[in-house]
Amino acid sequence: MSVESLEKIDTKVFERPTTLIDTEMHYCPGCGHGVAHRLIAEVIDELGIVEDTIGVAPVGCSVFAYNYIGVDFSQAAHGRASAVATGIKRVLPEKYVFSYQGDGDLAAIGTGETIHTCNRGENVLIIFINNGIYGMTGGQMAPTTLPSMKSTTSPFGRDTKSMGFPLKITELVAQLPGTYYVTRQSVHKPLNVRRAKKAIQKGFEYQKLNKGTCFIEIVSNCNSGWKMSPVESNKWMDEHMLAYYPLGDIKLPNDTEA
Amino acid sequence: MIKLMKGNEALAEAAIRVGADAYFGYPITPQSEVLEYLAREAEQKTGMVVLQAESEVAAINMVYGAAGTGKKVWTSSSSPGVSLMQEGISYIASAELPCLIVNVQRGGPGLGTIQPAQSDYFQSVKGGGHGDYRMIVLAPATVQEMSDFVKLSFELAFKYRNPVMMLTDGALGQMMEKVEFFEQQERETLDLDWTTVGKPPTRSHNFITSLHIKPDKMEEVNIHLQKKYKLIEENEIRYEEIMCEDADYIITAFGLVARICTKAAELAREKGIKVGVFRPISLFPFPYEQIKSHTGKIKGILDVEMNAGQMIEDVKLSVEGKVPVEFHGRMGGIVPTPDEILEALEKYIAGGKL
Ligand SMILES: Cc1ncc(C[n+]2csc(CCOP(=O)(O)OP(=O)(O)O)c2C)c(N)n1
Ligand code: SF4
Ligand SMILES: [Mg+2]
């Protein structure tokens, strides 16, 4: 199904996916994490794979993902989610395994695990929430923080001379022969939400093929860490984050329709 | 089946035979033979997953993930690598995951030496990672025990849902000895209710976590863990006593060093000094009472270790000041000889210290 037709037929107003646990989320109102969770739950429901899916939660704002997405879950040490996912997938190769990680988790402390998981082509799905900041610990600089962007540890703006450049780890892993499908999405507008959902669906479905790692970056907001209202943060994300982290597919399987 | 084998290879063979499901490791001397042996033998024999990880940090976290599925999972390394695993071990202990971690110790601190040592006693027994946790720690003294304790470790790990560490050293890992292996066991899928294997409709979702934000919940988890450790202390103390019945002096030592001390005790007896050897096999739980039970009959204890004196603290706690405890240790990868141990003992006796 093409993205265009998907956009047209989606007329459902609201329904809680069965896999999304009916509880209060701890996320700040307006935060992208909740939307991303919902999409994962919807996809798991629609593919009918609740019984066969194991998630790995990171250390970061989404540490409690296991309280919201009702599949079996393992909560990993900071940065190690893809190693934990590797461990699970290797002993349960028939199951669907995904990790859900922030940018600090995946692209700073866990860079080694990220690269090597992708390089081994582990048949797991990595969902990477890039909000350009350390949300959980109160808004410190992340490897993905934009040049001149302020954070509590770059109070005068990120100075690339001393603090380095924002890491485009998604482009990096796309270079590795072990990755099968690499894409960058967002969840800040309805159209983007639908596209992100389609990407997540592919990320799960491709696991059946055993062809390598699927890697989905979701550029997201952190209105609290950015010290903006939710609306402002989405606008700022659109203007600044997406300029540096352009949306779209980065690596597509050549033997399947995109 | 009896074979002549290196300790490290015996470890690997025993893990194949016990039906282990997965091994995750990173090369480091003096235990790289473990991964090499498994890479050669394991997959064809039983289908055990054998993965060379990118680091010990990754390896222990792969263990965490796989152990959460209720499979028999293990890793091995040597001192610097085990240091890297400490955060993961703390998570594993907190989440109560069964697994086996083998430390084939080498001398430290730092990059140290590739020669054998016992200087990771504190790290293993007192908790090298953060938080109040314990591993069950077993110290083999023979290549035979390197094999036998693999089986025992998995039994204990699953019985208590707790990580088990086998604390051995490079000398035992590299040493060739005869070993009689137990029969090949089938790999099996245990029916456990806490694992993350995919949620059947009959239960709500399971999750493995060590995060408990609320202090009262975190304390509750700690109390539960402490109760479990108490149970382990009540039931799993293991030790060996050699020539202790009529001994005037006892040498305490663990691992391979205990065998050298046995030789020293024999030499002492030839000279008319009645010496016995007490070898703690489980370092946690430690045989405090069993050591203490000798205090009425002996004049003193010589503790011998390949470190600056670590287990001696527990030996001193055992005897409650009732008899003197002296120390002889070698560091940096030097293995003490029976003669020098006897000499040290005689010196302490002559000097009125023992
Ligand atoms: C070993 C370790 N170091 C540091 C921390 C503290 N810490 C917790 S979350 C976090 C950053 C999370 O940021 P990110 O991964 O971007 O997730 P977000 O909260 O933004 O979603 C840090 C540094 C920790 N828990 N463990
Ligand atoms: S701190 Fe940021 S990332 Fe965390 S919940 Fe709030 S808005 Fe979301
Ligand atoms: Mg972040």
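Visitor: Which residue is the bridge partner of A:Ile54 in strand 2 of chain A?
Guide: Keep in mind that this is a predicted model, where local features need pLDDT of at least 70, side-chain atom pairs count only at pLDDT 80 or more, and totals for chains, interfaces and linings use all residues. Residues are numbered from 1 along each chain as its sequence is written, chains are lettered from A and ligands numbered from 1 in the order in which they are written, and side-chain values use heavy atoms, leaving out hydrogens and water. Strand 1 (residues 53–57) and strand 2 (residues 72–75) of chain A pair in the parallel sense over four bridges (strands are DSSP E runs of at least two residues, helices H or I runs of at least four, numbered from the N terminus; pairing takes at least two DSSP bridges). In strand 2 of chain A, the partner of A:Ile54 is A:Asp72.

Visitor: What is the strand order of the open sheet of eight strands?
Guide: This open sheet has mixed pairing. Its edge strands, each pairing on one side only, are strand 9 (248–251) of chain A and strand 9 (207–208) of chain B.

Visitor: Where does ligand 1 lie, and which residues come nearest?
Guide: Ligand 1 sits between chains A and B. There are 17 residues around ligand 1 (that is, with a heavy atom within 4 Å). The nearest are A:Cys61, A:Asp103, A:Gly104, A:Asp105 and A:Gly135.

Visitor: How much of ligand 1 does the protein bury?
Guide: Let's start with its polar contacts (pairs of N or O atoms within 3.5 Å; within protein, one must be able to donate a hydrogen and the other to accept it, and residues adjacent in sequence count only if both atoms are side-chain atoms). An oxygen atom of ligand 1 is 2.9 Å from a side-chain N or O atom of A:His33, and one is 2.8 Å from a backbone N or O atom of A:Asp105. Taken alone, ligand 1 exposes 590 Å² (Shrake-Rupley method, 1.4 Å probe; for residues, only the protein chains shown count as cover), and the protein buries 77%.

Visitor: Which element supplies the largest share of the shell around ligand 1?
Guide: Helix 5 (103–109) and strand 5 (133–134) of chain A each give at least two residues to this shell. The largest share, four residues, comes from helix 5 of chain A.
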